[in-house]
Amino acid sequence: MLRICPAPAGVTSESNSFLKVDPRKKQITLFDPATNGPQNTTRGSQVPPKMFAFDAVFPHDASQAEVSAGTVAEVIQSVVDGADGCVFCFGHTKLGKSYTMMGKDDSMQTLGIIPCSISWLFKLINERKEKTGARFSVRASAVEVWGKDEKLKDLLSEVATGSLQDGQSPGVYLCEDPICGMQMPSTQSALAKQLQNQSELRAPTAEKAAFFLDAAIASRRSSKPDCDEEEQRNSHMLFTLHVYQYRMDKSGKGGMSGGRSRLHLIDLGSCVKALGKSRDSGAGLCLSLSALGNVILALVNGSKHIPYK
């Protein structure tokens with residue numbers, strides 16, 4: 001899906017005429033700026049326009065509510081149905097990724113995807129409870145990936161303990177997933193990884209989950225007053241809602257059946273500054289977004305090997 005950010009102040013509509021957005025057809029058309037967009041009909045100099053189709057296109061004047069409703073409704077439904085879901089924004093710096101995901105809390109119309117997802121998830125869960133009698137338990141976790149060397153930090157450790165100071169919490173780490181990993185046909189280096197050791201706190205209501213979101217944002221390195229611009233660029237937050245679902249066994253033996261699904265809501269930083277010209281000194285560091293592009297392409301193309309897994 002594509003969201004067009006508003007034009008910066010001082011940019012006229014004429015200079016933006018190389019882009020035509022059609023939300024109804026879910027596509028955009030790019031014209032060669034040298035030909036001054038679709039109005040130019042000079043023979044011999046016109047370059048054919050390029051057209052791109054998406055699952056949804058949101059123009060620059062689309063509201064936060066429109067973007068949230070158009071992006072997460074099906075994902076949340078799938079999570080309640082038992083599948084894992086993930087939502088994130090991918091784009092250049094200063095385009096509004098965090099605004100789209102977080103929004104502002106001054107009104108309901110400016111809330112971002114993450115707070116809206118929390119509210120809608122619990123609404124769907126309550127509806128499912130009434131219809132099927134299934135039991136649900138929701139837990140929240142939040143992890144930050146920050147710094148040039150991409151450290152992992154549990155953002156809810158202080159809430160979980162009530163007393164731990166920053167840096168004293170047990171470390172979050174990546175571990176090879178024995179289930180997903182065994183399904184990967186390639187080498188050990190491509191095994192799926194799972195976050196381990198992060199706090200999972202029970203969230204019986206949407207208000208409690210929203211409280212954990214606020215606590216995670218406050219604990220984030222980029223929220224600290226001494227955080228510089230580079231550290232803000234190198235800060236990503238993974239807010240996850242773990243949905244545990246239980247059903248009574250219909251065989252009459254009184255057993256329970258169920259499973260877990262997860263909704264991953266990710267606020268990405270930018271990571272636009274290169275570390276240096278030396279590949280040896282900067283290898284594997286600060287590559288979050290450039291690597292993510294390769295991962296997305298590999299998944300979409302059905303590649304057997306997923307880079308940077």
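I take contact to mean heavy atoms within 4.5 Å. I also keep in mind that this model is predicted.

**Entry 1: Cys116.** I started with the cysteine in helix H3, Cys116. Leaving aside residues up to four places away in sequence, I found that Cys116 touches Ser68 and Leu111. Is Cys116 buried or exposed? Its relative accessible area is 10%, so Cys116 is buried, the cut-off being under 20%. I also looked up Ala210, which is 94 residues from Cys116 in sequence, yet their C-alpha atoms are 9.8 Å apart in space.

**Entry 2: other cysteines.** Next I looked at Cys5, which is partly exposed at 31% relative accessible area. Cys86 is partly exposed too, with a relative accessibility of 40%. How many disulfides does the structure hold? I found zero.

**Entry 3: H1 against H3.** Helix H1 spans residues 64–80 and helix H3 spans residues 113–132. Their axes lie 9 Å apart, at an angle of about 40 degrees. The two helices are therefore oblique to each other, and their crossing is right-handed.

Which residues make the contact? From H1, I noted Ser68 among them, along with Val72, Ile76 and Val80. From H3, the contributors include Cys116, Trp120, Leu124 and Arg128. Sorted by class, the contact has twelve nonpolar residues, four polar and one charged.

Definitions and conventions. Residues numbered from 1 in each chain as written. Predicted model: local features only at pLDDT ≥ 70, side-chain atom pairs only at ≥ 80, totals over all residues. Heavy atoms only, no water. Axes fitted to C-alpha atoms, helices over the stretch in contact; angles between N-to-C directions. Helix = DSSP H or I, 4+ residues; strand = E, 2+ residues; numbered from the N terminus. Parallel < 35°, antiparallel > 145°, perpendicular 65-115°, else oblique. Left-handed = near helix turned anticlockwise from the far one by under 90°. Nonpolar A, V, L, I, M, F, W, Y, C, P; charged D, E, K, R; others polar. Disulfide = S-S within 2.5 Å. Buried < 20%, exposed > 50% of the residue type's maximum accessible area, 1.4 Å probe, protein only.
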